[in-house]
Amino acid sequence: MSRRPKGSGVAARTSSKPAIEATLWAAADKLRGNMDAAEYKHVALGLIFLKYISDRFDERRAQAEADPEERDLVEERDLYLGDNVFWVPAEARWTFLKENATSVDPSIGSLIDRAMIALETENPSLKGVLTKNYARPELDQIRLGEVVKLFSDLAFKDAHHGQDMLGRVYEYFLGQFAIAEGKRGGQFYTAGCIVRLLVEMIQPFKGRVYDPCCGSGGMFVQSERFVEAHSTQYVDPVKAKRELSIFGQESNPTTWRLAKMNLAIRGIEADLGPKWADSFLEDLHPGLKADFVLANPPFNDSDWGGERARTGQSWPYGVPPAGNANFAWVQLFIRHLAPHGVAGFVLANGSLSSQQSGEGDIRRAIIEADLVDCIVSLPGQLFSTTQIPVCLWFLARDKSNGLVKDKTLRDRRRETLFIDARGLGTMQSRTLKVLSEADIAKVADTYHAWREKGGRYVDEPGFSSMATTAEIAGKCYVLTPGRYVGTVAADEEDETFDAKMQRLTATLREQMAEGAKLDERIRSALAGVGYGW
């Protein structure tokens with residue numbers, strides 16, 4: 001994989017998706033029938049998860065059988081657990097399921113259900129996580145058997161024990177389900193380019209990473225990818241990733257299970273709590289002070305239990321309105337930040353300027369507390385699940401100094417950077433836009449140049465501008481970047497209006513004359529075959 005030069009920030013990624021993801025999706029989608037996407041999601045992803053951990057088990061078992069010192073230990077659970085490999089009992093191994101893919105009594109669905117139950121029994125960390133309803137009548141058992149056979153042709157193996165290949169397939173499936181489910185899909189999936197931008201901006205090299213509305217765990221996956229991509233030849237990526245501690249919470253039980261599976265297939269250890277729970281009403285990490293908060297909370301959520309949550313907690317910047325959770329989330333993020341912590345999160349654009357229900361006063365208090373480090377306006381159509389315009393907020397507990405790896409941060413107190421990135425992005429489809437690696441690098445590098453000592457940052461009209469807290473106060477504490485960055489300076493016009501019109505009309509006259517000649521040639525050609533006029 002090609003990389004950008006050292007120090008430039010973002011590692012490049014290939015733009016094209018390998019065909020295997022789309023091929024598997026097309027095949028697995030045949031199994032869907034009339035099932036709702038929200039329900040079918042767990043059927044397909046559960047099979048992918050089962051195939052992966054079975055392949056990983058078989059790989060470790062083969063290694064043991066080939067090693068004289070381990071050959072007698074192939075049936076010992078500790079041999080596998082010691083290498084962070086799930087113990088897979090015989091009835092849950094993919095080879096067994098493949099051999100019985102056409103079984104009628106019991107059906108292949110019943111055998112898969114038994115496999116999932118056996119896995120949860122043997123591996124306590126999977127308790128309550130796996131899907132166990134493959135034998136239900138609405139799931140075509142013949143097609144299910146065909147999908148099992150199809151998946152059997154793919155071995156999840158690579159330099160990282162299949163985690164890279166399987167991770168790509170899993171991420172692709174999550175994205176496809178998000179599109180299929182529409183608005184509901186946003187509960188578990190954030191557009192990959194937005195997650196990469198957030199992570200590149202705050203640079204979580206080591207420390208505690210927290211997401212109180214973690215969905216399927218995409219923020220955590222990208223954080224580990226970031227550390228691995230930026231590790232040097234002198235630093236072992238595996239050791240570097242161990243410098244991160246992952247904490248999360250999710251209120252939706254099915255999405256919480258998705259997150260557990262998504263992280264497990266990548267070998268990412270995370271504390272998502274012993275169960276699913278609402279972060280406002282039952283904080284599972286009450287004493288956590290995180291070095292990094294990364295989140296994409298539900299936009300403008302009116303059903304957040306505001307009447308109950310508002311009365312049982314401290315809201316130092318103002319009590320959020322019961323009808324909109326935006327600033328309840330912001331204050332929850334701040335509450336969990338360590339003294340030198342940084343937060344990056346997605347919010348609806350309304351959070352930048354709303355004056356309703358006390359939101360303007362809360363925003364003013366947060367600004368006056370000198371917590372807002374950077375605001376980024378994003379282009380529209382980045383989400384397949386909503387058309388609501390969104391922005392990125394970056395908060396810093398201490399803007400007086402800091403150190404990010406080998407970069408010293410400058411004193412940024414009473415200053416905020418505004419970036420208007422609405423002009424970036426390219427259309428991936430008729431309705432969906434994506435940020436390229438160059439787009440992500442442009443935004444992230446601008447922020448890093450501004451906050452680092454010797455970063456040589458300069459305002460770029462129409463794109464970025466630094467403003468003091470006093471200047472923000474002068475604009476009624478509205479944080480919309482467009483109010484600060486101005487517009488791109490127009491090129492000076494050397495040509496007078498009359499000269500330009502003469503030049504343009506002369507060009508038009510020549511083009512019209514050429515067009516008349518072409519018309520005559522076409523008529524002549526048609527006349528030659530008996531269709532003239």
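**Strand pairing and helix packing**

Strand β1 (residues 207-211) is joined by five bridges to strand β2 (residues 244-248), and the two strands run parallel. In this pairing, Arg208 is found opposite Ser245 of β2. The structure described here is a predicted model.

A further partner of β1 is strand β4 (residues 290-295), to which β1 is linked by two bridges, again in the parallel sense. Here Val209 lies opposite Phe292 of β4. Strand β1 is also mostly covered, as four of its five residues are buried.

Helix packing was examined for helix α8 (residues 192-202) and helix α15 (residues 437-451). The axes of α8 and α15 lie 9 Å apart and form an angle of about 25 degrees. Because angles under 35 degrees count as roughly parallel, α8 is described as roughly parallel to α15. The crossing of these two helices, α8 and α15, is right-handed.

On the α8 side, the contact is made by Cys193, Arg196, Leu197, Glu200, Met201 and Ile202. On the α15 side, the contributing residues are Glu437, Ile440, Val443, Ala444, Tyr447, His448 and Arg451. Sorted by class, the contact between α8 and α15 comprises eight nonpolar residues, four charged residues and one polar residue.

Conventions
Residues are numbered from 1 along each chain as its sequence is written. This is a predicted model: local features need pLDDT of at least 70, side-chain atom pairs count only at pLDDT 80 or more; totals for chains, interfaces and linings use all residues. Side-chain values use heavy atoms; hydrogens and water are left out. Axes are lines fitted to C-alpha atoms, for helices over the stretch in contact, and angles run from 0 to 180 degrees between N-to-C directions. Angles under 35 degrees count as roughly parallel, over 145 as roughly antiparallel, 65 to 115 as roughly perpendicular and the rest as oblique. A crossing is left-handed if the near helix is turned anticlockwise from the far one by less than a right angle, and right-handed if clockwise. Contact means heavy atoms within 4.5 Å. Ala, Val, Leu, Ile, Met, Phe, Trp, Tyr, Cys and Pro count as nonpolar, Asp, Glu, Lys and Arg as charged, and the others, Gly among them, as polar. Buried means under 20% relative accessible area, exposed over 50%, partly exposed in between (1.4 Å probe, protein chains only). Two strands pair if DSSP finds at least two bridges between them.
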